Amino acid sequence: MKRLIWIGMLMLLCLQGMAQTTNKTAVVKKPTTTKPAAKKPVATKTTTTKTTTTQTAGNSKTDKTAFNEKTAADNQAQKEIAAIQQSTGYLYNAPLPYMPQKLDVLFIGNSFSIDTSVALPSILSSLGINNVNVYVLYKGGCSMKQHYEYYKSGEKVYELYRYNSQGEQQLEKATSIGEVMSRFPYDVVVWQQYSLESGDYTTYEPYLSKLIQAYNITKLAARTTFAFNETWAYASNNKNLSKYKTQKNMWKSICTSVRKMRAASGIDIIIPCGTAVQNAREVETLKIDNELTRDGTHINLYAGRYLLACTFFESIIAPCLNRNLRDDTTIYGKESDIGQVNNTNRKLLQNCARLAVANNYDISEFAGQ
């Protein structure tokens with residue numbers, strides 16, 4: 001009987017243990033049902049992260065759009081260049097002569113060519129360089145198309161000037177482009193477009209290619225290096241600037257056209273006068289009346305012309321004769337002249353020219369140093 005009682009008590013204890021286990025299991029399972037509520041703060045953080053990501057993506061989208069636009073513009077420019085090369089051919093440009101006994105340069109241009117060359121005698125004289133002659137064939141406002149038409153007609157509508165260490169000399173009052181092309185065995189021939197059309201490459205061809213052909217059948221030199229003078233943008237108040245809207249845009253358009261010219265023709269010697277002028281316009285101590293111009297178009301007679309002559313010297317004469325522009329001690333103009341070149345501003349003007357030659361198409365941050 002006692003044995004049955006003990007068995008019954010054991011069974012009762014077992015049943016109570018099972019009931020407690022069932023209750024514990026139920027309690028443990030309750031947090032499981034509340035876990036989704038615990039995840040709410042995490043969901044909020046995720047939302048915040050998404051918002052930040054969206055803002056970053058917006059900036060990236062802007063950058064990507066700008067990048068795509070530039071890429072599209074570059075691709076379009078390459079297509080245009082390829083099309084031009086098919087019609088004009090690719091020119092192999094001979095390197096500049098090195099240490100020649102004499103250096104003769106022909107500049108086919110207009111008043112901007114005179115502005116570029118007229119201060120050269122002062123630099124050549126200061127450096128004791130007596131074996132350089134720069135001949136400028138001048139017809140005011142003459143474009144490449146007009147040079148080509150005057151070559152075909154043989155009209156004597158040009159003046160011819162020579163610049164060397166002795167100064168400026170007018171050699172002819174009325175001559176033709178064909179006569180001057182065949183007058184000397186020029187080492188370098190410099191081409192230049194009419195300033196208002198310099199930022200429109202469609203005005204360059206086919207006239208530049210035809211002029212090069214014309215020169216090649218009349219030249220006396222066994223080899224000639226071709227160079228190109230990149231003109232400068234007008235002052236901001238010039239009425240003709242409306243074609244380009246702003247001065248900076250005119251300069252950028254000129255740079256773009258010169259790049260296309262270089263790729264299509266092979267003329268890889270650039271005289272970056274336009275970029276040198278833009279460099280100088282960024283230097284506070286070089287700022288003079290009308291943004292370095294004397295009439296909104298042509299360059300200032302002293303600081304401006306000296307700057308252009310430095311750019312010409314650094315692009316053509318310095319590499320040919322292995323001479324350093326830093327050795328020049330020119331004083332150009334009188335103290336009363338606007339933009340006189342002296343010991344105060346000479347180095348800055350040289351800097352602007354040298355930096356432009358180092359990078360033909362960009363304004364330099366070091367111009368004022």
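User: What is the mean pLDDT of the protein?

Analyst: pLDDT is the predictor's confidence in each residue, from 0 to 100. Here the mean is 86, and 79% of the residues reach 70 or more.

User: Over which residues does pLDDT stay under 50?

Analyst: Where pLDDT is low, the predicted coordinates should not be read in detail. In this model that applies to residues 18–57, where pLDDT stays under 50 and there are zero contacts beyond four places in sequence. Contact means heavy atoms within 4.5 Å.

User: How many helices and strands are there?

Analyst: Both are DSSP runs numbered from the N terminus: helices are H or I with at least four residues, strands are E with at least two. The protein has 12 helices and seven strands.

User: How does the span of helix H7 relate to the expected value?

Analyst: The expected span is 1.5 Å times one less than the number of residues. H7, residues 207–218, has 12 residues and reaches 17 Å from its first C-alpha to its last, close to the expected 16 Å.

User: What share of the residues is buried?

Analyst: Buried means under 20% relative accessible area, exposed over 50%, and partly exposed in between, with a 1.4 Å probe and protein chains only. Of the 369 residues in the protein, 46% are buried.

User: Why is helix H9 described as largely enclosed?

Analyst: Nine of the nine residues of H9 (residues 273–281) are buried, so the rest of the structure largely encloses this helix. Among them are Gly274, Gln278 and Arg281.

User: Which residues touch the most other members of the largest nonpolar core?

Analyst: A nonpolar core is a set of buried Ala, Val, Leu, Ile, Met, Phe, Trp, Tyr and Cys residues joined through side-chain atoms within 4.5 Å. In the largest one, of 94 residues, they are Trp191, Phe312, Phe313, Ile316 and Ile317. H11 supplies the largest share of this core, 13 residues.

User: Is Thr311 buried or exposed, and what does Thr311 touch?

Analyst: Thr311 sits in helix H11, residues 303–321, and counts as buried because its relative accessibility is 0%. Setting aside residues up to four places away in sequence, its contacts include Cys273, Ala276 and Val357. A polar atom of the Thr311 side chain also lies 2.9 Å from the backbone oxygen of Leu307.

User: Where is Tyr361, and what is Tyr361 in contact with?

Analyst: Tyr361 lies in the segment after helix H12 (346–358). With 14% relative accessibility, Tyr361 counts as buried. Beyond its neighbours within four places in sequence, its contacts include Glu230, Trp251, Arg262 and Thr275. Thr275 is 86 residues away along the chain, yet the two C-alpha atoms are separated by 6.3 Å.

User: Is Thr329 buried or exposed?

Analyst: Thr329 is exposed, with a relative accessible area of 54%. Thr329 is found in the loop between H11 and H12. Leaving aside neighbours within four places in sequence, Thr329 is in contact with Ser126 and Arg346.

Methods. Residues are numbered from 1 along each chain as its sequence is written. This is a predicted model: local features need pLDDT of at least 70, side-chain atom pairs count only at pLDDT 80 or more; totals for chains, interfaces and linings use all residues. Side-chain values use heavy atoms; hydrogens and water are left out. A polar contact is a pair of N or O atoms within 3.5 Å; within protein, one must be able to donate a hydrogen and the other to accept it, and residues adjacent in sequence count only if both atoms are side-chain atoms.
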